[in-house]
Amino acid sequence: MFTIIEYLAAGIAILAFAPYILEIIAGSAKPKLSTWLVFFAVDSLTLAGLLSMEVTPSLYIPIGFAVCAGIIFFLALFKAEDRSFTKLDKYCLGFCTVGVI
């Protein structure tokens, strides 16, 4: 029963990203590169931590978040109008890096 709920939760989490991804592809949404870099890095590190602790039953949602954030990050590389990093973006990325360490 618990596994079914995990699959359902992971599916809903992944489907929640679908409209945004479709809007990016259509060109009506412009993702911020630095924001999705942070989301991708944090989700990937969360997934790596769970994998290292061998927490297999609850991996589906972090996998979905990391994959979807990665897709949006790579779409932002090609679809974003402004790929530059502002001073605030650099500070935020720096604080994110310190937080991870």
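Visitor: How exposed is Lys-32, and how should I read its relative accessibility?

Guide: Relative accessibility is read against two cut-offs, with under 20% called buried and over 50% called exposed. In this predicted model, Lys-32 has a relative accessibility of 28% and therefore counts as partly exposed.

Visitor: Which residue forms a salt bridge with Lys-32?

Guide: As a general idea, side chains of opposite charge can pair when their charged atoms come close. Here the partner of Lys-32 is Asp-89, and the closest N and O atoms of the two are 3.2 Å apart. Asp-89 has a relative accessibility of 10% and so counts as buried.

Visitor: How many salt bridges does a search of the whole structure find?

Guide: The search gives 1 salt bridge. As for the charges as a set, the protein chain carries 6 positive and 7 negative side chains, and the centres of these two sets are separated by 15 Å.

Visitor: Where is Ala-29 placed, and is Ala-29 buried or exposed?

Guide: Ala-29 is found in the loop between H1 and H2, and because its relative accessible area is 12%, Ala-29 is buried. When residues up to four places away in sequence are not counted, Ala-29 touches Tyr-20, Glu-23 and Ile-24. Ala-29 and Ala-76, which are 47 residues apart in sequence, have C-alpha atoms 9.8 Å apart in space.

Visitor: Which residues form a nonpolar patch on the surface?

Guide: A patch of this kind is read from nonpolar side chains with over 30% relative accessible area, joined within 5 Å. In this structure Val-42, Leu-45 and Val-100 form such a patch, and together they have about 220 Å² of accessible area. Leu-45 lies in helix H2, which spans residues 33-52, and its relative accessible area of 45% makes Leu-45 partly exposed.

Visitor: What do the totals for the protein chain say about its elements, its burial and its contacts?

Guide: The protein chain has 4 helices and 0 strands, running α-α-α-α from the N terminus on, and its C-alpha atoms fill a box of roughly 45 × 35 × 15 Å along the principal axes. Of the 101 residues, 29% are buried, and the accessible surface comes to about 6,600 Å², with 75% belonging to carbon and sulfur atoms. Among contacts between residues at least 6 apart in sequence, 73% join residues at least 24 apart.

Note on methods:
Residues numbered from 1 in each chain as written. Predicted model: local features only at pLDDT ≥ 70, side-chain atom pairs only at ≥ 80, totals over all residues. Heavy atoms only, no water. Helix = DSSP H or I, 4+ residues; strand = E, 2+ residues; numbered from the N terminus. Buried < 20%, exposed > 50% of the residue type's maximum accessible area, 1.4 Å probe, protein only. Contact = heavy atoms within 4.5 Å. Areas by Shrake-Rupley, 256 points an atom, 1.4 Å probe, with all protein chains shown as cover. Lys, Arg positive; Asp, Glu negative; His and termini not counted. Charge placed at Lys NZ, Arg CZ, Asp CG, Glu CD. Patch = residues over 30% accessible without salt bridge, like charges linked within 9 Å, V, L, I, M, F, W, Y side chains within 5 Å. Salt bridge = Lys/Arg side-chain N within 4 Å of Asp/Glu carboxyl O.
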